[in-house]
Amino acid sequence: NMIGQRTIKAVIILTLLLSICGPVSAGVFFDDFEDGVANGWREVAGEWEVLEGAYTLTAPAEPDKIAMSILDSPWEITDGIITFTISFNKRKAEGTERPMIFFRLEDDENGYAFRFRGDDKWMDIGLIEAGIYANIRGDPTDAIEIDEPSTIKLELEGNIFFVYYNDVLRMRVGDVKSKFEKGRIGIGASNVDTPIHFEEIRIEAEGVTQFIPDLRPVRPQELLTITWAHLKSGNP
């Protein structure tokens, strides 16, 4: 009958909308620093400046300290996708620079970290505890090039972390102790020989939003990339 057909159509339309938009609680944060400011970022150590569309670490922290800037977001994340693009001074970079990505930061000194070691052709993931880095696991990859921008993507699934370098899976790292369950995002370095440029950052996870003073609309299409977290089952 007519009522039944309308009900079926309504269900189909609702299903399509949900498949496009994803769960209401899922969202995206993106910053490419093209506006010349680093809204929401808080310098913890080292000297930072927005230069030519990149958030740039221009000077190291004090000796024995890790340079860091934390995104003081109103949300924290557990599982999700974190994507960064980094580059160096092409004429001076030697690969001894050690850019880092911090995640699940409980505070300014405790959380997880990814470290990029260009001259060693090596990447590793470890713990930051009391401001000191301790390696969990590292893997070599001849693919590392410091002459061109590098895009690092971290997929966080429970206590398992997947590392992609320029869209190629390079590492699968687990923390059997599940030391840190949720927290904020940060960037930094354990060594700065030449300026390190963080050109853009994208965070995709439940509850994530653009936030004031850097509020930008997020299109429904952007939410498609984060539905992976809701389609997968049996997280490690």
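D72 counts as partly exposed, at 33% relative accessibility; partly exposed is the range between buried (under 20% relative accessible area) and exposed (over 50%), with a 1.4 Å probe and protein chains only. This is a predicted model, in which local features need pLDDT of at least 70 and side-chain atom pairs count only at pLDDT 80 or more, while totals for chains, interfaces and linings use all residues. Residues are numbered from 1 along each chain as its sequence is written, and side-chain values use heavy atoms, with hydrogens and water left out. Let's start with the charged pairs and then visit some other spots.

**Salt bridges around R42**

- A search of the whole structure finds 14 salt bridges, a salt bridge being a side-chain nitrogen of Lys or Arg within 4 Å of a carboxyl oxygen of Asp or Glu.
- One of them joins D72 to R42, with the closest N and O atoms 2.5 Å apart.
- D72 sits in the loop between β5 (67-71) and β6 (80-88) and R42 in strand β2 (residues 41-45), so this pair ties together parts that are 30 residues apart in sequence. Strands (E, at least two residues) and helices (H or I, at least four) are DSSP runs, numbered from the N terminus.
- R42 is partly exposed, with 30% relative accessibility.
- R42 also meets D108 through a salt bridge between their side chains, at 2.9 Å from N to O.
- This pair links distant parts of the chain, 66 residues apart: R42 is in strand β2, and D108 is in the loop between β7 (99-105) and β8 (111-117).
- D108 is partly exposed too, at 30% relative accessibility.

- The side chains of R98 and D119 form a salt bridge, at 3.1 Å from N to O.
- R98 lies in the loop between β6 and β7 and D119 in the loop between β8 and β9 (122-129), so the two tie together parts that are 21 residues apart in sequence.
- How accessible are the two partners? D119 is partly exposed, with a relative accessible area of 36%, whereas R98 is buried at 13%.
- Both belong to a network of salt bridges that links R98, R115, R117, D119, D120 and D124.

- E106, D107, E109 and E181 form a negative surface patch.
- Patches are made of residues with over 30% relative accessible area and no salt bridge; like charges are joined within 9 Å, and nonpolar side chains (Val, Leu, Ile, Met, Phe, Trp, Tyr) within 5 Å.
- Asp and Glu count as negative and Lys and Arg as positive, while His and the chain ends are not counted.
- E181 belongs to the loop between β13 and β14.
- With 59% relative accessibility, E181 counts as exposed.

**Positive phi angles**

- N166 has a positive phi of about 50°, although it is not a glycine.
- N166 is in the loop between β12 (160-165) and β13 (168-174), and N166 is partly exposed at 34% relative accessibility.
- S178 is another non-glycine residue with a positive phi, of about 45°.
- The loop between β13 and β14 (184-189) holds S178, which is partly exposed with a relative accessible area of 32%.

**Buried spots and their contacts**

- S150 is in strand β11 (residues 150-157), and S150 is buried, with a relative accessible area of 1%.
- What does the side chain of S150 reach? It reaches the backbone oxygen of E145, at 3.5 Å.
- Q210 is found in the loop between β15 (196-206) and α2 (228-231), where Q210 is buried, with a relative accessible area of 7%.
- A polar atom of the Q210 side chain lies 2.5 Å from the backbone nitrogen of F30.
- G95 lies in the loop between β6 and β7, and G95 counts as buried at 1% relative accessibility.
- The C-alpha atoms of G95 and G118 are separated by 4.4 Å, although these residues are 23 residues apart along the chain.

Conventions: Areas by Shrake-Rupley, 256 points an atom, 1.4 Å probe, with all protein chains shown as cover. Charge placed at Lys NZ, Arg CZ, Asp CG, Glu CD. Polar contact = N/O pair within 3.5 Å; in protein donor to acceptor, adjacent residues only side chain to side chain.
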